[in-house]
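Subject: The structure I promised you

Hi,

Here is the structure you asked about. Have a look at it first, and then read on for what turned up.

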Protein chains: 2
Amino acid sequence: MKKYDLIVIGAGPGGYAAAAHAALNGLKTLLVEKQHLGGACLNSGCIPVKTLLNAAHFLQKIRKASLFNIKVERAELDFAGLIDRKDRLAKRLQKGIANLLQSSGVETVFGTAELLPGKTVSVALDSEHGRTVRQYTADNIILATGSVPGTLPGIATDGAWLLNSSQLLDRKTIPASLAIIGAGVIGLEFADIYSRLGCQVTLIDILDRLLPGEDREAVEIMQKSLQRAGCTFRLASKIAKIENRTIFLSGGQTVAAELCLLAAGRKIDTGYIQDSALLKNSKGIPQVNEFFQTSVPGIYAIGDINNIALYAHAATYQGLCVVNNLLPEAGGPNKHSAVMPRVIFTAPQIASVGQYTADYKKIPVALLGRAQTEGQTEGFLKLFLAENNSIAGCVIVSENADALIGEAVALVNTRTKYSDLQKMIHPHPSWAEIFIL
Amino acid sequence: MKKYDLIVIGAGPGGYAAAAHAALNGLKTLLVEKQHLGGACLNSGCIPVKTLLNAAHFLQKIRKASLFNIKVERAELDFAGLIDRKDRLAKRLQKGIANLLQSSGVETVFGTAELLPGKTVSVALDSEHGRTVRQYTADNIILATGSVPGTLPGIATDGAWLLNSSQLLDRKTIPASLAIIGAGVIGLEFADIYSRLGCQVTLIDILDRLLPGEDREAVEIMQKSLQRAGCTFRLASKIAKIENRTIFLSGGQTVAAELCLLAAGRKIDTGYIQDSALLKNSKGIPQVNEFFQTSVPGIYAIGDINNIALYAHAATYQGLCVVNNLLPEAGGPNKHSAVMPRVIFTAPQIASVGQYTADYKKIPVALLGRAQTEGQTEGFLKLFLAENNSIAGCVIVSENADALIGEAVALVNTRTKYSDLQKMIHPHPSWAEIFIL
């Protein structure tokens with residue numbers, strides 16, 4: 001049985017980054033991947049969705065080009081071509097990861113892993129000659145197997161009418177109407193794409209408000225923007241049954257649509273873990289400490305699987321932490337950070353980081369000269385202050401929020417006082433200036 | 001003679017911000033303006049130029065829409081309409097400043113000021129009934145009179161063929177060809193606008209490289225982008241004479257063009273200062289200390305006139321410093337800061353802050369997943385490190401640099417170590433992520 005310093009199971013943004021970092025720093029590293037390098041993020045999540053969002057937003061901007069004194073005769077999106085382009089982009093980025101892994105010295109094997117007791121990983125490799133199973137062992141194992149599209153009891157995707165997000169991303173035509181079950185981040189981003197491409201979108205959610213953890217004013221601006229784009233929201237709505245491509249809500253209303261997306265969050269699959277010590281007392285999800293160690297010494301769980309924060313950037317960060325702690329001398333991250341930024345890529349975007357407190361400064365985007373020159377004046381920035389007037393958190397609802405949030409990340413992490421921020425000169429007329437208006 | 005706590009001469013971004021801040025905090029404040037609220041920045045500089053740049057870049061992006069699978073039949077810019085729009089925007093922003101001044105309690109007077117000895121300001125007001133002159137005095141006076149387009153010996157603008165930037169901004173047609181004398185920031189931004197609108201642009205400069213103080217690699221990327229847009233550079237070129245709308249270079253070459261822009265920096269006019277104590281030993285420019293006090297107690301000079309940093313944001317910051325030091329208790333800025341960011345709004349932009357050192361990390365934009373989804377992969381970010389590995393400076397050449405530079409501003413001001421930056425989680429797939437790749 002071949003032995004490694006480190007085996008990483010799962011080549012998503014957490015796993016491949018950890019593996020490359022480890023191998024570059026001299027650890028003998030094996031990376032096991034079931035399907036595609038880059039995981040859900042690259043192949044059926046962040047990157048494909050942002051590619052579609054970017055095209056949808058650009059098309060909409062072109063249709064409003066007269067605001068910028070530009071007359072456009074006709075603008076048409078080749079949706080099938082866009083779907084092909086997103087696939088090509090995924091392939092190109094996969095290749096980039098493959099090159100990174102190779103140049104870092106990672107050994108990569110494609111197959112289905114099982115985690116056996118005694119830090120043993122068995123990998124089933126299917127080829128034209130049938131299935132072979134190999135076993136590997138390591139001093140340290142990182143579980144980075146991510147998640148899959150979530151399900152709801154009694155609502156089963158059929159691949160034809162009721163699709164999950166991965167299935168919808170592969171369809172090359174825009175339906176006339178789309179029902180979305182679940183108005184979380186995934187549902188909202190898909191609603192944004194399809195409504196701006198002329199599809200009639202209805203979002204259904206059991207909660208009576210969108211994104212309950214997010215700043216209420218920011219969410220309202222985003223929701224109104226989606227409504228202007230043609231989205232209908234059916235909140236506080238329970239689904240009684242689904243029949244004949246029609247969703248019956250318990251209030252008596254019905255939603256009929258050409259297609260239906262089930263956007264019920266993400267599901268963590270730990271079925272491959274055959275080491276019972278690891279999942280003991282854990283409701284099926286590996287419990288980890290602040291260094292992402294599980295209850296079994298030498299086994300770590302990073303990314304979606306530990307259910308701390310289901311973001312690609314959380315997975316990457318956690319993977320680097322684990323590897324840094326295996327190295328004799330390493331700078332960079334080494335343990336859990338509560339300062340976790342997040343972005344919803346609707347138009348306008350909502351980007352946020354840190355804690356929301358009762359004491360905040362709110363700056364409307366319309367005050368920005370730069371926003372005025374671009375005709376993008378919707379939204380605001382809120383800086384939330386801790387009791388000592390340091391910047392505890394930030395929410396930005398605006399065009400460009402995913403770039404601007406970087407400054408808030410730095411301010412929150414450095415616990416900068418609001419009065420000290422005011423002493424930092426920001427260029428005029430820039431987007432960045434919004435922090436000191 | 002009416003007496004104030006504070007008189008501010010000049011209602012540009014330094015003067016109006018200082019006046020509003022002072023009046024809001026209880027100082028009896030008079031603001032004197034010769035022409036328009038907002039100064040050169042709002043009326044003939046930053047804001048109008050960015051409005052034109054935004055439209056030019058958007059038009060170019062539309063023409064490349066097929067990259068995003070969008071087919072556009074015909075896109076045409078109504079340039080005269082754009083010029084009108086920039087004027088309307090300026091008027092709207094002027095009105096915003098007027099409202100701010102009024103609600104803050106600033107008394108504003110439109111007229112031509114002279115600074116007399118004894119902290120006395122005389123203002124000539126022209127009306128249909130002729131000229132009246134009023135005199136005012138104050139304990140404190142802020143000179144914030146900015147600058148005007150620069151000139152070169154022997155090269156005089158004529159308002160017809162040889163124009164300064166303010167004059168060119170008012171022309172409602174795009175010339176077939178444009179010669180630009182001076183390839184500094186102003187010349188480059190105009191070259192960017194006109195070349196992308198189909199005009200044949202030739203830039204002439206006596207220096208043998210562009211922007212000598214700026215990062216050489218960043219400048220090269222921007223220069224190549226302008227060359228691709230059709231700009232021709234005649235560097236290391238001295239002008240021998242100008243005759244018949246033709247520029248004769250001392251090397252024997254000639255540049256003929258339909259129009260010529262003189263972009264020879266900015267000129268500081270101190271002709272209105274009749275208090276000789278103030279300009280003593282100063283080569284015509286008021287010398288100030290780190291609190292922007294001139295040699296005459298109670299008289300301050302902020303913005304372009306003190307020649308420290310000719311940026312709108314420098315003026316605003318300095319104005320707030322002066323007022324804060326007049327108030328019994330004030331947070332925020334109070335003295336000179338060497339951490340001065342700047343942005344050149346060409347495509348790609350160059351944004352920079354802090355010091356350039358020999359030790360730097362360079363991150364290509366192409367590594368960013370987000371940039372890949374937008375098809376904007378040109379450029380890089382460089383983080384310059386001080387000896388203790390704190391972040392001393394940053395240059396970004398990229399789309400979106402004016403938003404991204406905000407994080408660098410925070411990192412440089414907080415002297416954050418590079419290893420601590422790596423511990424700050426950045427959202428994926430965002431533009432902000434470039435700081436930790």
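Predicted model: local features only at pLDDT ≥ 70, side-chain atom pairs only at ≥ 80, totals over all residues.

Residues are numbered from 1 along each chain as its sequence is written, and chains are lettered from A and ligands numbered from 1 in the order in which they are written.

So how does chain B sit relative to chain A?

Next, the interface. Residues count as in contact if their C-beta atoms, placed from the backbone, lie within 7 Å. Chain B puts in 74 residues and chain A 74 residues. On chain B's side, the largest share is 10 residues from helix α11 (residues 401–413). (Helices, H or I with at least four residues, and strands, E with at least two, are DSSP runs, numbered from the N terminus.) The copies meet through the same surface, because 100% of chain B's interface residues are also interface residues in chain A.

Strands cross between the chains too; two strands pair if DSSP finds at least two bridges between them. Strand β3 (residues 70–72) of chain A runs antiparallel to strand β4 (residues 75–77) of chain B, joined by 3 bridges. There, A:V72 stands opposite B:A75.

Now for a sheet within chain A. What is the order of its 5 strands? They go β10-β17-β11-β12-β13, forming an open sheet with parallel pairing. β10 (162–164) and β13 (232–234) are at the edges with a single partner strand each, so one side of each has no neighbour in the sheet. Strands β11 (residues 177–181) and β12 (residues 200–204) of chain A pair over 5 bridges, with A:A179 opposite A:T202.

Last, a helix pair: α3 (residues 46–63) and α4 (residues 79–104) of chain A pack at about 140°, their axes 10 Å apart. (Axes are lines fitted to C-alpha atoms, for helices over the stretch in contact, and angles run from 0 to 180 degrees between N-to-C directions.)

Cheers

Terms used: Contact = placed C-beta atoms within 7 Å.
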